[in-house]
Amino acid sequence: MAKNRITALFSIQYPIIQGGMVWNSGYKLASAVSNAGGLGLLGAGSMYPEVLREHIQKCKKATTKPFGVNVPLLYPDIKAIMEIIVEEGIKIVFTSAGNPKTWTPFLKEHGITVVHVVSSAKFALKAQEAGVDAIVAEGFEAGGHNGREESTTFTLIPLVKENVSIPLIAAGGIATGNGMFAAMILGAEGVQMGTRFIASTESSAHEAFKNKIIAVQEGDTILTLKELAPVRMLKNEFYKGIEALYAKGAPVEELKAYLSKGRSKKGMFEGDLIDGELEAGQVASLIKHVEPVAQIITSIIAEFEQAHLKRFEF
């Protein structure tokens, strides 16, 4: 496929970026995506600083290709995380869940390419003004934490495209070559996929969670907890507990207490499908197999190229 600003920015073969998902994105997944021609990301959101350092060092040994780190800016050990990123010579950082003005200047001073995740055209413009090199526009179909706007990906892409001049990456509801093609027709120059890579051989997700992903049916995910930080998850007993709290009008403090029991680690990393938080996007219902990353990316690119050819048939 043709090169563009995203492949040039990251020095990668394909404009496919793996989401830096908590409890799913260790060095095995990140290095596999990079080795297959995309951009792998380590998910710092579920790593203590020294654990992140370990994964960075292992990723360096597992790939000679570019890879990066995804950093939620509300992370409690953010200063230590940023220092490790600089010390280890990381050249690409994706930031999310916070103000990009806070850390972008620091990262840029150290020669790091910065990408920020947004959920609206308004925040896309603010990120561009903060000096980031590219933007991920993530629709509310996406798994995990979302914005409050509930804009769908295919509404969000053209809105953001109208407001910014820097490269745009689409995220949320994309797991196939056809989805990638559609996003790029609307103005994206790359795509970020999270849920699709959960169901990969190299993902650090528990096997029970991977198998749950490929069993998901339409309507099995829901966006909830807007009072705290909106998150899309699978409906299970843990979610029913949230639903019960809402039904009785529980205050925010009670919701926080219910969540503060390591629920996401329990669900996604330890495989507790009943009482754990299982973050996944709507697109999970399209995923039917757990496959090696190289096979996933090969299939996506083949389908994308076929879609590109078909575009000129009518």
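Tutor: Helices (DSSP runs of H or I, at least four residues) and strands (DSSP runs of E, at least two residues) are numbered from the N terminus. The structure above is a predicted model, in which local features need pLDDT of at least 70 and side-chain atom pairs count only at pLDDT 80 or more, while totals for chains, interfaces and linings use all residues. Residues are numbered from 1 along each chain as its sequence is written, and side-chain values use heavy atoms, with hydrogens and water left out.

Student: How many helices and strands does the protein have, and what is its radius of gyration?

Tutor: The secondary structure of the protein comes to 14 helices and eleven strands.

Student: Among contacts between residues at least 6 apart in sequence, what percentage join residues at least 24 apart?

Tutor: A contact here means heavy atoms within 4.5 Å. Among contacts in the protein between residues at least 6 apart in sequence, the share that joins residues at least 24 apart is 61%.

Student: Where does Thr 63 lie, and which residue's side chain makes a polar contact of 2.6 Å with the side chain of Thr 63?

Tutor: Thr 63 is found in the loop between helix H3 (49-62) and strand S3 (67-72), and it counts as buried because its relative accessibility is 5%. A polar contact is a pair of N or O atoms within 3.5 Å, where within protein one must be able to donate a hydrogen and the other to accept it, and where residues adjacent in sequence count only if both atoms are side-chain atoms. The side chain of Thr 63 reaches the backbone nitrogen of Lys 65 at 3.0 Å, and, not counting residues up to four places away in sequence, Thr 63 touches Ser 31, Ser 34 and Asn 35. The side chain that joins that of Thr 63 at 2.6 Å belongs to Asn 35.

Student: Which elements do the buried residues of helix H2 pack against?

Tutor: In H2 (residues 27-35), the buried residues are Leu 29, Ala 30, Ser 31, Ala 32, Val 33 and Ser 34. After the helix comes Gly 37, with a positive phi near 105 degrees. The buried residues of H2 pack against S1, S2, H3, S3, helix H9 (195-198) and helix H14 (293-310).

Student: Which backbone nitrogen does the side chain of Ser 46 reach?

Tutor: Ser 46 sits in the loop between strand S2 (40-43) and H3, and because its relative accessibility is 17%, it counts as buried. Leaving out residues up to four places away in sequence, Ser 46 touches Val 22 and Trp 23. Its side chain reaches, at 2.8 Å, the backbone nitrogen of Trp 23.

Student: How far apart in space are the C-alpha atoms of Arg 263 and Gly 276?

Tutor: Arg 263 lies in helix H13 (residues 263-269) and counts as buried, because its relative accessibility is 9%. Apart from its neighbours within four places in sequence, Arg 263 is in contact with Phe 238, Tyr 258, Asp 275, Gly 276 and Glu 277, and its side chain reaches the backbone oxygen of Asp 275 at 2.8 Å. Although Arg 263 and Gly 276 are 13 residues apart in sequence, their C-alpha atoms are separated in space by 4.8 Å.

Student: Is Ser 11 buried or exposed, and about what phi does it have?

Tutor: Most residues other than glycine have a negative phi. Ser 11 lies in the loop between helix H1 (5-10) and strand S1 (16-18), and it counts as exposed because its relative accessibility is 54%. Although Ser 11 is not a glycine, its phi is positive, at about 60 degrees.

Student: What is the relative accessibility of Glu 150?

Tutor: Glu 150 has its place in the loop between strand S7 (144-145) and helix H7 (153-163), and it has a positive phi of about 60 degrees although it is not a glycine. Glu 150 counts as partly exposed, because its relative accessibility is 31%.

Notes. Buried means under 20% relative accessible area, exposed over 50%, partly exposed in between (1.4 Å probe, protein chains only).
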